[in-house]
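This report describes selected local features of one protein chain. The sequence and the coordinates are shown first, and the description follows.

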Amino acid sequence: LWSAHGSLAMTALSHLILFDSIGALLCVAVDILGNFEVWKRSSVRHPFGLERAEVLAGFAMCVLLLFMGMDLISHSLQHFLESSGHEPHHTHVHERVSLGRVDFTALLAISSTLISAIGLKNHGRIGKAMRFGYIESLPSVLSNPSHFLTLSCSTLLLLLPLVSIKLYNWLDVLLSSTISISMCVIGVRLVKTLGSMLLMSYSGPGVSEVIRDIEADPCVYGVDDARFWQVHYGLCMANLKLRVSGTEENLVRLRERIASLIKNRLGGGYGSGGQKWEVSLQFTAEKA
């Protein structure tokens, strides 16, 4: 931020680095606290341990990201209005940043982000909470929206000193506006996802398909109640109440099939690194 004078895009990058650094500090705190038994041990006041505190801290962090994106949008609008002023005292000329300063800043941001993503695995848990279909197929580092935004911004910054002064001003504002809007989009998406965790609900896809497959089983007469909710980044729960009919052996097989169906469809299957699912089933026997 200290060296960002003359470039709105560098100011936007400084906001992204601030968000990444706060997220890295949060990951460090969680990794340290995870070594203590009280972090995961249930109690009357905290039925799921203290792990939900990470969700609350992540929620506050995403609100900060949203406000930083709005702040950048206001800076871009202010710059546009000042540049389009017709009177001399309304015109504000921005000094162009030097080639070396941009290169050094961008390369330092890229290297620190790669070390944070690959070496330290920061933003890993919060990255799994977000589902962006457009970048999920990219490599592991770029599939995380936080890393993707910082790396793409840093790479595009390397192009700024290579263009003309007139094109530089437009490209700088365009890049800053794109980054700020992306920060707002990611912030809103994260606030919605983490807010649903705090409200003990599940915002992921695939629930309706799972219920449809359960109802299609010949032993199931109907689904009286189905609740899916996510406790924190690593644990989800499914509670279902079914009306069934069949022998004891068929019902045991049905219970195993439903539990496997939920874990594979919603949790990504064994070894995929998705959320852990705990399934609770209640059967009401119906006469055939």
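## Aromatic pairs

In this predicted model, three aromatic pairs are found. Tyr 202 and Trp 277 have ring centres 5.2 Å apart and planes at 75°, so their pair is edge-to-face. Tyr 202 has a relative accessible area of 12% and is buried. Trp 277 also counts as buried, because its relative accessibility of 4% falls under the 20% limit.

A further edge-to-face pair is formed by Phe 228 and Trp 277, with 6.1 Å from centre to centre and 70° between the planes. Here strand E1, which holds Phe 228, is linked to strand E3, which holds Trp 277, across 49 residues. Phe 228 and Trp 277 are both buried. Together, Tyr 202, Phe 228 and Trp 277 make up one aromatic cluster.

## Strand pairing and a charge over a ring

Strand E1 (residues 220–232) runs antiparallel to strand E2 (residues 235–244), and 10 bridges join them. The two strands form a hairpin, with two residues between them. Within this pairing, Gly 222 is placed opposite Arg 243 of E2.

The ring of Phe 283 has the charged end of Arg 255 sitting over it, 4.5 Å from the ring centre.

## Nonpolar surface patch

On the surface, a nonpolar patch is formed by Val 28, Ile 32, Leu 33, Phe 36 and Val 38, whose accessible area together is about 450 Å². Val 28 is part of helix H1 (residues 8–33). With a relative accessible area of 44%, Val 28 is partly exposed.

Technical notes: Residues are numbered from 1 along each chain as its sequence is written. This is a predicted model: local features need pLDDT of at least 70, side-chain atom pairs count only at pLDDT 80 or more; totals for chains, interfaces and linings use all residues. Side-chain values use heavy atoms; hydrogens and water are left out. Patches are made of residues with over 30% relative accessible area and no salt bridge: like charges are joined within 9 Å, nonpolar side chains (Val, Leu, Ile, Met, Phe, Trp, Tyr) within 5 Å. Accessible areas come from the Shrake-Rupley method with a 1.4 Å probe; for residues, only the protein chains shown count as cover. A salt bridge is a side-chain nitrogen of Lys or Arg within 4 Å of a carboxyl oxygen of Asp or Glu. Helices (H or I, at least four residues) and strands (E, at least two) are DSSP runs, numbered from the N terminus. Buried means under 20% relative accessible area, exposed over 50%, partly exposed in between (1.4 Å probe, protein chains only). Two strands pair if DSSP finds at least two bridges between them. Rings of Phe, Tyr and Trp (its six-membered ring) pair if their centres lie within 6.5 Å; planes under 30 degrees apart count as stacked, over 60 as edge-to-face and the rest as tilted. A charge sits over a ring if NZ of Lys or CZ of Arg is within 6 Å of the ring centre and within 35 degrees of the ring normal.
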